[in-house]
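Colleague: I would like to learn how to read a few features of a model. Could we start with a pocket and go on from there?

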Amino acid sequence: MNIPNMLTMSRFVLIPLFLILYFNDQSIAALCILLVAGCTDFLDGYIARRSGQVTVTGSMLDPLADKLMMLSVILALLIKNVIPLAAFVVMAFRELVMIIGSAIYHFRGLKTVPANMFGKATTVIYYAAIVLMFLELPGGVPVLWCGIALSFVTSIIYFMKFKSLNRVS
């Protein structure tokens, strides 16, 4: 297993650690774990591309780790009444559709679309919203809704690129 894939795998381990800390009223420590996960997300892709270590396994596990971490975070925020149910439902729906869609595409031998700047911008906005909410600063939920809106624009762009890449009509 190469270093980028080990970094990706570490995010799966960080999910329960995040949840344990968050639900034991250690929200700043939980936020730090989330930020470490975000850093590993950046690093694994950077290292993989720079060193020519991009693998099929990494290409599948990286977005799965990201989506499971985000689902865990928004579920935790919902349980503690930090975000509205509507935001959770919309985000969870999109994340689950992306996970299931990617798996179907992968197992059918179709090419998946690599991350683009819209996807990265969505992630940055989500993290900004989460930091605001964890630090109990104003604007977290409105920023989250902006991220949600951008995530759907990003999904449309991904779908269009997917169709073009795989010549699907």
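Modeller: The residues lining the second largest pocket divide into eight nonpolar, two polar and one charged. Bear in mind throughout that this is a predicted model.

Colleague: How is such a pocket found, and which residues line the second largest pocket here?

Modeller: Rolling a probe the size of a water molecule over the atoms shows where empty space is left. In this model, the lining of the second largest pocket consists of Met-60, Leu-61, Pro-63, Leu-64, Lys-67, Met-98, Ile-99, Ser-102, Ala-103, His-106 and Phe-107. Helix H3 (56–79) and helix H4 (85–107) are the elements that give two or more residues to this lining.

Colleague: Which element gives the most to that lining?

Modeller: H4 gives the most, with six residues.

Colleague: And what volume does the second largest pocket have?

Modeller: The space in the second largest pocket comes to about 150 Å³.

Colleague: Next, salt bridges. How many salt bridges does the count come to?

Modeller: Side chains of opposite charge can pair when their charged atoms come close. The cut-off is a side-chain nitrogen of Lys or Arg within 4 Å of a carboxyl oxygen of Asp or Glu. By this rule there are seven salt bridges.

Colleague: Which residue meets Asp-41 in a salt bridge?

Modeller: Arg-11 does, with an N to O distance of 3.7 Å. Asp-41 is in helix H2 and Arg-11 in helix H1, so this pair ties together parts that are 30 residues apart in sequence.

Colleague: What about Asp-62 and Arg-11: how do their side chains meet?

Modeller: They also form a salt bridge, at 2.5 Å from N to O. Because Asp-62 belongs to helix H3 and Arg-11 to helix H1, the pair ties together parts 51 residues apart in sequence.

Colleague: Is Arg-11 buried or exposed?

Modeller: Arg-11 has a relative accessible area of 1%, so it is buried. Asp-62 and Arg-11 are both buried.

Colleague: Let us turn to backbone angles. Where is Asp-25 found, and what is its phi?

Modeller: Asp-25 is in the loop between H1 and H2. Its phi is positive, about 55°, although Asp-25 is not a glycine. Asp-25 is exposed, because its relative accessible area is 61%.

Colleague: Where is Asn-81 placed?

Modeller: Asn-81 sits in the loop between H3 and H4. Phi of Asn-81 is near 60°, again a positive value in a residue other than glycine. At 69% relative accessibility, Asn-81 counts as exposed.

Colleague: Now the surface. Which residues make the nonpolar surface patch of about 430 Å²?

Modeller: Met-1, Ile-3, Met-6 and Met-9 make that patch. Met-6 lies in helix H1, which covers residues 3–23. With 45% relative accessibility, Met-6 counts as partly exposed, since that class falls between the buried limit of under 20% and the exposed limit of over 50%.

Colleague: Which helix holds Met-117, and is Met-117 buried or exposed?

Modeller: Met-117 is in helix H5 (residues 117–134). Its relative accessible area is 63%, so Met-117 is exposed.

Key
Residues numbered from 1 in each chain as written. Predicted model: local features only at pLDDT ≥ 70, side-chain atom pairs only at ≥ 80, totals over all residues. Heavy atoms only, no water. Patch = residues over 30% accessible without salt bridge, like charges linked within 9 Å, V, L, I, M, F, W, Y side chains within 5 Å. Areas by Shrake-Rupley, 256 points an atom, 1.4 Å probe, with all protein chains shown as cover. Helix = DSSP H or I, 4+ residues; strand = E, 2+ residues; numbered from the N terminus. Buried < 20%, exposed > 50% of the residue type's maximum accessible area, 1.4 Å probe, protein only. 1 Å grid on protein atoms, 1.4 Å probe; cavity = no way out; pocket = protein on both sides within 12 Å on 5 of 7 lines; lining within 4 Å. Points joined across faces, edges and corners; volume = space filled by probe spheres on them. Nonpolar A, V, L, I, M, F, W, Y, C, P; charged D, E, K, R; others polar.
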